[in-house]
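Here are my notes for you on this one. Have the structure open while you go through them, and take the points in order.

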Amino acid sequence: MIRQLAYFASAACFWVAFWPAGALAQAPAKPDAAKGQLIASQTCAACHAADGNSQISANPKLAGQFYEYLHKQLLNFKPQGSKKPERDNAVMMGMIGSLSPADLKDVAAYYASQKLKPAAAKDKDLAALGQKIYRGGNIATGVAACAGCHGPAGAGMPAQFPRIAGQFPEYVEAQLKAFRAGARANDPNGMMRGVVTRMSDREIQAVAEYVAGLR
Ligand code: HEC
Ligand code: HEC
């Protein structure tokens, strides 16, 4: 009985002494979009525009993308010790080199809060082929439907599946080819690489054209 009391007393002391402090230390700081805006205007705007609606198709539109996805990409562009970054891009690696972990969260939160001005599809026939693949995949060659993960309208699904609707077709095409070649390999469980390995150049172009016009 006395031993039990002593045990409860010490257990209570433990919780009183450590639990509140531990909880505070573990609570992640909330990202600050206002601070992120400053970073965006100083460091990112030249390529992604101040509001994340990039003008040049090599630079992806960031506006309205999920915070979690943007933040993950920024972490992936950073080299881990002596290892190459998970997403190997010299330009982006240079851009974030001097940013702190909090900066990366803040700037991701800022761009996520902006409104997307979507790109457009220009080639109707190509987009029609793209729509077929987007919605139904290619059963003959074992290509999964994009809609299954990115949603029927390309709006994505937080937090893992990015929005792709309204993205530049050239950028989407380049990313699909990078996944196919294994040059981009930061997709969890190889989810994207599994889809694109069996896609032809024409199918990739078509689906990229369709995605650009998706709303
Ligand atoms: C010199 C031009 C340039 C600047 C400046 C720049 N970026 Fe980028 N960014 C790029 C390019 C090019 C890519 C596409 C990389 C690729 O092809 O994989 C990219 C990709 C990204 C991505 C991945 C988007 C996606 O859809 O996967 C994020 C996030 C990003 N940049 C954020 C930033 C932030 C935040 C800054 C400022 C701190 C910044 N960039 C500054 C050129 C730039
Ligand atoms: C099994 C689920 C799944 C399917 C099916 C899928 N994707 Fe993805 N896709 C993902 C995931 C997860 C990511 C994010 C990878 C990362 O974290 O960098 C992604 C990323 C992307 C990106 C990169 C976005 C960017 O901003 O850089 C594009 C483009 C894309 N997918 C297009 C497609 C297209 C087109 C199809 C159909 C041909 C498709 N996806 C099918 C899961 C999927």
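1. Helices here are DSSP runs of H or I with at least four residues, strands are runs of E with at least two, and both are numbered from the N terminus.

2. A word on what you're looking at: this is a predicted model, where local features need pLDDT of at least 70, side-chain atom pairs count only at pLDDT 80 or more, and totals for chains, interfaces and linings use all residues. Residues are numbered from 1 along each chain as its sequence is written, while chains are lettered from A and ligands numbered from 1 in the order in which they are written.

3. Is H10 mostly covered or mostly open? Mostly covered: 11 of its 13 residues are buried (20 or more other C-beta atoms within 10 Å of their own, C-beta atoms being placed from the backbone). Among them are Glu203, Tyr210 and Gly213. The buried residues of H10 pack against helix H6 (124–136) and H8.

4. Zooming out, the protein has 10 helices and zero strands. Of its 215 residues, 34% count as buried.

5. Now find ligand 2. The shell around ligand 2 splits into 16 nonpolar, five polar and two charged residues (nonpolar means Ala, Val, Leu, Ile, Met, Phe, Trp, Tyr, Cys and Pro; charged means Asp, Glu, Lys and Arg; the others, Gly among them, are polar).

How values were computed. Buried ≥ 20, exposed ≤ 12 C-beta atoms within 10 Å, placed from the backbone. Contact = placed C-beta atoms within 7 Å.
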